[in-house]
Amino acid sequence: MKMQKQMLETHFESEFCWFDDACILDIDNFVKRLSSIKEKGVRPDLIGSIITHYASKWLPDLLDGDGKKMIPNAEESPESITTSWMKKRFFVETLVGILPPEKESIPCNFLLRLLRIASMVCVEPAYRAELEKRVSWQLDQASLSELMIPSFSHTCTTLLDVELVLRLVRSFMNLDEAVRSGAALIKVTKLVDCYLAEAAVDSNLTSSEFVALASEVPSHARAMEDGLYRAIDTYLKAHPGVSKKERNRLCKLIDSRKLSLEASIHAAQNERLPVRTVVQVLFSEQNKLNKQILDFSGPFSGMLSPNIALDASSRCLSKREINVQQMEIKRLKEDVLRLQSHCMALEGKIDKLMEKKKGFLVWRKFGIPTLRGNRNEDVEREAEVGIGLKTPLQMKTRLVNTKNANKWRKSLS
């Protein structure tokens with residue numbers, strides 16, 4: 001029995017061109033033939049290959065970028081657009097109904113292309129939900145180009161179907177812990193960050209949708225948050241009119257401790273970020289430098305320890321290596337001091353701005369004019385009446401200078 005099954009599977013793998021000759025447009029006949037093949041015990045992955053081959057032959061929209069169309073162009077076909085859409089809808093619904101129940105039987109990218117057509121021709125919600133569930137099972141195998149499905153709904157204002165991707169990610173996160181953990185979760189997180197960077201350029205994408213999709217994956221799945229920072233920076237660049245509250249809400253998603261050195265340098269000079277976020281990035285870099293100093297000074301201090309002779313395997317550093325470590329520690333300390341000075345200067349500027357703003361609001365509240373506008377008038381008035389002269393000696397000097405000036409004017413006249 002096993003020998004017959006292996007021979008049958010080898011026959012389908014080697015003579016796969018049978019479907020090029022015998023495949024017909026009557027999908028009911030194809031379903032009957034596929035059912036007879038399933039009864040013979042063919043592997044689910046071969047059944048999936050048969051379905052993908054048949055679907056790609058008669059529905060060229062399911063082909064990838066390297067595939068070639070196998071049917072005439074739409075301009076040569078005498079059918080109307082409505083008839084073509086109805087056939088596509090019936091075709092997609094039938095294909096969804098005969099998909100093997102095993103998870104790995106159909107490639108994820110093929111399911112995404114099928115989901116794209118299902119959204120375009122408005123299939124029944126049950127078939128659409130079945131496709132979304134199957135895609136979420138293997139979302140870690142999806143590619144970014146196939147995931148960027150346009151929005152075909154009249155109620156959706158964005159170019160890409162962000163709500164669909166949000167449903168897929170939520171379904172993936174609701175899977176068993178063994179399925180959605182490890183490398184699969186990391187791949188989905190990177191996919192979400194890349195998708196957000198592409199969708200951020202859409203002017204109709206709201207900050208709530210952005211935050212909802214970015215927050216759907218856990219923070220521990222991001223070892224580095226450069227991808228998320230790039231997506232947020234792209235969104236702020238494409239939406240210059242976003243409010244300060246929304247800007248702070250977006251930047252709270254970034255963990256400054258997980259930014260690389262290049263991303264931290266870019267963030268420290270980024271004018272689109274709030275001041276609080278920039279300060280957090282600077283403090284994170286300062287902590288990293290302090291940690292590096294401790295790591296460098298650890299073996300150096302151990303070398304100077306009197307108990308180093310107890311460790312027979314330890315190697316004494318040469319004088320050149322010691323000098324190199326000392327120079328490195330000195331350079332790191334200078335970098336830390338420079339960052340500390342920058343942070344203190346930023347904090348001082350922030351405090352001054354807050355005090356000026358608070359004082360201005362208090363004077364305006366009580367209807368008292370500020371002193372900045374009347375300072376010049378007060379100085380001139382004091383100079384005229386001599387209020388600024390406090391002692392008799394200063395008054396006498398003032399009178400003598402005035403008399404000498406009057407005599408000089410008379411002599412000139």
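The crossing of helices H10 and H12 is left-handed in this structure, which is a predicted model. The two helices, H10 spanning residues 183-199 and H12 spanning residues 226-238, pack at an angle of about 15°, and their axes lie 8 Å apart.

**Packing of H10 and H12**

- Angles under 35 degrees count as roughly parallel, and H10 and H12 are therefore roughly parallel to each other.
- On the H10 side the contact is made by Asp-193, Leu-196 and Ala-197, which meet Gly-227, Leu-228, Arg-230, Ala-231 and Thr-234 on the H12 side.
- Sorted by class, the residues of this contact between H10 and H12 comprise four nonpolar, two polar and two charged.

**The second largest pocket**

- The second largest pocket has a volume of about 630 Å³, and among the 19 residues that line it, Lys-244, Pro-274, Val-275, Arg-276 and Ile-350 are the closest to its centre.
- Three helices, namely H13 (244-251), H15 (275-303) and H16 (319-366), each supply at least two residues of the lining of this pocket.
- H16 provides the largest share of the lining of the second largest pocket, with six residues.
- In terms of residue class, the lining of the second largest pocket is made up of nine nonpolar, three polar and seven charged residues.

Technical notes: Residues are numbered from 1 along each chain as its sequence is written. This is a predicted model: local features need pLDDT of at least 70, side-chain atom pairs count only at pLDDT 80 or more; totals for chains, interfaces and linings use all residues. Side-chain values use heavy atoms; hydrogens and water are left out. Axes are lines fitted to C-alpha atoms, for helices over the stretch in contact, and angles run from 0 to 180 degrees between N-to-C directions. Helices (H or I, at least four residues) and strands (E, at least two) are DSSP runs, numbered from the N terminus. Angles under 35 degrees count as roughly parallel, over 145 as roughly antiparallel, 65 to 115 as roughly perpendicular and the rest as oblique. A crossing is left-handed if the near helix is turned anticlockwise from the far one by less than a right angle, and right-handed if clockwise. Contact means heavy atoms within 4.5 Å. Ala, Val, Leu, Ile, Met, Phe, Trp, Tyr, Cys and Pro count as nonpolar, Asp, Glu, Lys and Arg as charged, and the others, Gly among them, as polar. On a 1 Å grid over the protein atoms alone, a cavity is a set of points where a 1.4 Å probe fits but cannot get out, and a pocket is an open set with protein on both sides within 12 Å along at least five of seven lines; lining residues have an atom within 4 Å of a point. Grid points are joined across faces, edges and corners, and a volume is the space filled by probe spheres set on the points.
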